[in-house]
Each structure stands twice: as C-alpha cells, then as structure tokens.
Amino acid sequence: IVLLTCGTWLFHFGTFFHAYFESLETPWSGELHWWAMSVMALGLIIMPSAMLHLLLRLARTGVVAHPPFAPVFGLAYAPLMLVPIVIARFAADPEGRFLDICRPWVWPYVGWTAAVNVTAAVVCFRLKLDGQAPFYRVLGVTLLGMTLLVGIAAPLALVWPDGLPALQTVAVLAPLLPVVLFTYFVVRFNFLQLFVERTLLYAAVAIVLLLVYQLALHDVHMRIEDRYGINVEILQGALVFLLILLLPPLRLRILESLRYLVAGKRIVALRDQIRRIAVHITEHAGEPPAELFASFAVDLRQALRLAYVSGWLVGDRGELIPVGDDILAIEPSQLKLLYGELAAQPHILFTRRDGPSGEAHSAMHAANASAAMAFAANRVHGLIMLGRRERNRDFGEEEASILMVLAEQLAVAMDNSQLQAQRLAAERRAFQNERLTTLGLLAGAVAHEIKNPLSSIKTIATVLGEDLGPDSPHADDLRLIVNETHRLAVTTSQLLGFARPPVDAGAAGSVVATLNVTLAVLRHLARQEDIELIAHIPAELPAVRIVGPALQEIFLNLLNNGIEAAGRGGQVSVICHHENGHVITEVRDTGPGIAPDIQDQLFQPFITTKESGTGLGLYIVSCRVREAGGEISCQSRANQGTTFVIRLPVAHV
C-alpha cells in the first residue's frame, strides 16, 4: 500500500513538473524534461506492480496475517527492469513527446495495467471487512472506471495526434478520483493511520490541486486575461478569501494554523499547564467544594496570568455564595442577572467580545473581567469570573474551549465531593446509631440490675440512721451513703431514660401545665441557691404533640441545668409563645456560657461541661424533641449566658 501510494505520488509529481517546464525556456530545459518524464515513467511502473504485490499477498495469506517476504512477491516488480531502458530513451530525446518515446511499451502496459486493475476490483468486491467494506467497494468501481478510461484514451492518443492534449489531460486527471477517495478515508476514518502520515496526504492533495490547475485551468486563465484584460490572480485571491469567510471549518482551521505559526510554543505550554490543572482537579476531588475551587483558582490564575479568579456557588434559595480567596464587591442583583443569562445560553462562556448586554454587561465591566462562565453538574451550580489577562489579551477560541471543559470538570468534581461527604456523613450516622443502640441495650440492662440494690441500700441506711439518732458518730457516714445512693439512683433513671423507646408522637401534652408543675418543684432549689426564676408563659397555649412525662423530662433537665449554670445570684427565665403551628419555649440562664467547640457536640451522648455530669441529659432531651417532630437549638456566648430554644409542633386534636 505504501509503494502504491508512492507510485501514484511520483506519477503526479512528474506530470506536474513536465507540464510546468513546457512553459519555461531555460538552458537546462532538456534536462528538466528528461528528469520529469523519468519520474512519470517510474511512477507508472510502480503503481500496477505494487497493486499486483498486494493481490498476491491477499491471495497467499489473507488480510490479517503479516508474513515475511516471499520470493513470489518479487515477480510483481519485474517490469522495473525496463526503467533504465526507458530513462535512456528519454535522455536521447529530452524534448520529445512522452507517448512517442514510450510507443513500443504502450499496448503491453495498457494490457498489463488493465488486467491488474480488473483483478484488484474483483478482490475489492469480495472482501468482507467490518467498517471498511464501503471503501473497498468504491475503490473497486474506481479501478474499473480507470481501466476503461485508460483503455480508450491510450489508443486514441496514438491514432489521433491532434486530440493528444485533451486525451493527455483526461489520462492525467483520471487517478485523481482514487487519490481523493483514499485521502478522504485516511483523514475521516483514520484508515491506515499506521502507514500514512496525514501531513503527507495534505501535501499530496496540494500537489494534485496544483496539477489540476496547471492542466485544466491555466489555459482558461490565459484566455480570460487576453480577452477581458482582467487580472485573474487578484480575482482568484478574492474568491479564495470569500471561500474562507463562508466556510467556518476552513476559517477555523486557517486561524488555528496561523495561531500555531505565530505562538506555537506558547500554546503548547498553555496546553501542558491546562493538563496539569485537570490532573490537580482530579487529585483534589474529595475536598469540600470551597477548598476545591480555591486550589483551582490559584492554578488557573497562574496558568493564564489573570488578575483574579472569583467564584460563586448557587445556594438552596438561589443566592450566590462566594468561594475562593478573590472576593469581588459586586451587586448581588447584577451577579444574578449575569448568571441567569449564562445559564440560559447554549454556550456557558461570555467574553468581552461576545458578552451579555445591559445589567449583566455592567457586572462584567464593574468587575473589570475578561470573561465569565457558568458551570453546573447535578446539584452543583455556580459562576466564575476571570480578571484581565497580562497585556489585556483576549481569549482565543481554543482557550475558550479549554476553559469550558475545565469548568465542567470542576463542577463534576464538586458534585462528587458533595456526594462523598454525604456518603461519609451517612456512614458516620449509621455507625453512631449502631453504637447508641448497643449502648442503650447495655444501659437498660445495667440500670435494671442496679436499681433494686440501690433502693435496698438507701432504705437500710435511712432506717439505720433513724435508729442510731443524730448524735451517733456514724450519722454523717450514713447521710453520705444516702446522698450518694440518691445520686446513683438519679444516674440510673437517666440511663433508663436513655434506653427508653420513642414516645408516642400522636399524643398531646400541655406546655403550660407541665412548666407550672416543674417550676413549682424547682423553686425551692432556686431559693436555696439564691437564683431568681422568671416565667413568661401565656395562659392559653395549644397542646403540643408529645406526652406529658416526656415533656416534663425535657423541661426538668433544661431548667435544672440552667439553675446549676447560673450560679449563686443568677437568673433563669422561661419564655413561651405560639408561632406558625409550633409552641416555642426559650430557657435562658445568666451563666458563663458554653465554649464553641462544645456547642457543636452538645446534643451527643456523654458530652458534658459538669464535673459530676453523665452527659446524657441533653442527649435525652434532644431525642425526646426529635421524636415529637420538633427542633432544639443552643445559643451561647462567653460571659453572656446560654439560651435553649425548643420548637414543638402543635397537636391536631
């Protein structure tokens, strides 16, 4: 196949220069004619020989195998022995006509070529190759057509000398169809890409076009100039320029070639930097979206030499949340308009040349931006604005395409990061729930086993203290036993509450009644600690969706914690009100507050700020609130006290 291509190229190359040298009058024109005709003859002999070699190989081993060279293949190139004789005939008469010099070999060559072409056409029709059958079928038809054309043109040229120029033109242009066909399949379908380099094909096509022009259009060109006095070169240049403007693929290819010619090294370096950015995005795909964008912005700013790279993520309510280190002071309304126009366009990039209009354009102008682009992938949507480039250069089409690809890759990486974070959070919750379930069963078993012995110890110690009287030397020890036993009983009750099943969410309880009872119980304790209890509870509040004992457990834990946190001389207040189908209760104290690192874990089990606390009270409270479909939150500042806010849904009785 390579030799067949070379033979075709040699024939056209020699024919082109033979036609070109006819219009030149130089001292060495004879040598030039001899050289061009020799190249033509060499190409003509190689073409059918290479075709015959291909047929022998297919017939011997099939198209898949790759056998070593066989002696029978050398028989296909036996006609090359005539090359020295033909070259000597050309040297003897360099100014003669090609067909007159080759007259003794015309008929044998035509018969030999026709036989090879017909055989090749039959083989092409019989080949059954996936994806390449259309190529071989068209090639077979072309070979038969060429055989018929040459078989008619060659005899006519010998018997009709006056028609030789026209017949010569037809014969020379006949191989153009298989050349164009072969070039199309190589370029379009990467056919034989391991054997034929595309640049060689482009060069061959250029030579063929020049040959067509020299043989077919040169005479027409001269007649137009002589008759109308028109400079055809200028007209041809204008037509070529118009063709480039009207055909976008041709225009883009020429622009790309010019870009590489002017700034090839810079574009290669830019592509290498962009490749590193893409790899960097992939490597940091597990990071949070804000951190991922920050590293992407630094890489992109360095690669394109931008003044800044600013980004925004679209929040749940449609607001634009800034991310990264470069924060721009732009009106949110302008940003939303710019993002809206970008999201509505089929392309996701605006530059200064093809940017938006109106307020969106004002946003880019206010930010002194060279480009803006949107990105989106499933749950991640955002906006990126790029500052001015070095020397205020605009983005080319290739750079714009690269930016859009990077933006899409960044969006996919951010979306994957969110999915990974959600998966890890779900795994942590599942693991925590499993631990809590096991711990609840263990706590219930331990509390059940401890409760009865504690009651016995407390009863015996109390009775013994009464028998011995207050003057006994063991009275203080017995009181200590009773107090510690009471503390263990309270802890046991908390463990039982921790392990208790969820409350009935369909029940109803009264916040007013429960708070009044709880405050009455705790006022005695508050007076002992010199703490003021303040209550702002409306007389009529709707019932909430939780049973009374669970509601009392919630308020008792919160108020007791508030009294302990407020300290002597402090204040604890309870405020209730009804809002949007919920009863909201706030429990405030004037204590020292809770550290920020503890606030995030406050409602987890075994987290406490008290030396003797179990860390289960607030966890039980949060469980009871959530079981009722409510919400609980904590607001605390250093030296400004703490406020717990409970939102319980109203019961529909």
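**Reading rings, helix packing and a strand residue**

Q: How exposed is Trp112?
A: Burial is read from relative accessible area: under 20% is buried, over 50% exposed, and in between partly exposed (1.4 Å probe, protein chains only). Trp112 has 22%, so it is partly exposed. Tyr109 is also partly exposed, at 21%.

Q: What kind of model is this, and which limits apply?
A: The model is predicted: local features need pLDDT of at least 70, side-chain atom pairs count only at pLDDT 80 or more, and totals for chains, interfaces and linings use all residues. Residues are numbered from 1 along each chain as its sequence is written, and side-chain values use heavy atoms, with hydrogens and water left out.

Q: How many aromatic pairs does the structure hold?
A: Rings of Phe, Tyr and Trp (its six-membered ring) pair when their centres lie within 6.5 Å; planes under 30 degrees apart are stacked, over 60 edge-to-face, the rest tilted. The structure holds two such pairs. Tyr109 and Trp112 form an edge-to-face pair, 6.3 Å centre to centre with 75° between the planes. Both sit in helix H6 (residues 103-126), three residues apart, or about one turn. Phe293 and Phe296 have ring centres 6.1 Å apart and planes at 50°, so that pair is tilted.

Q: Where do Phe293 and Phe296 lie?
A: Helices (H or I, at least four residues) and strands (E, at least two) are DSSP runs numbered from the N terminus. Phe293 and Phe296 are in helix H13 (residues 289-304), about one turn apart because three residues separate them. Phe293 and Phe296 are buried.

Q: At what angle do H18 and H19 cross?
A: Packed helices are described by the angle and the distance between their axes. Axes are lines fitted to C-alpha atoms, for helices over the stretch in contact; angles run from 0 to 180 degrees between N-to-C directions. The axes of H18 (residues 511-528) and H19 (residues 548-566) come within 9 Å and cross at roughly 35°.

Q: Which residues meet there?
A: Contact means heavy atoms within 4.5 Å. From H18, the residues include Leu515, Leu519 and Leu522; from H19, they include Leu551, Phe555 and Leu559.

Q: Is Thr642 buried or exposed?
A: Thr642 is buried, with a relative accessible area of 4%. Thr642 lies in strand E10 (residues 642-649). Not counting residues up to four places away in sequence, Thr642 touches Val587, Ile594 and Cys634, among others.
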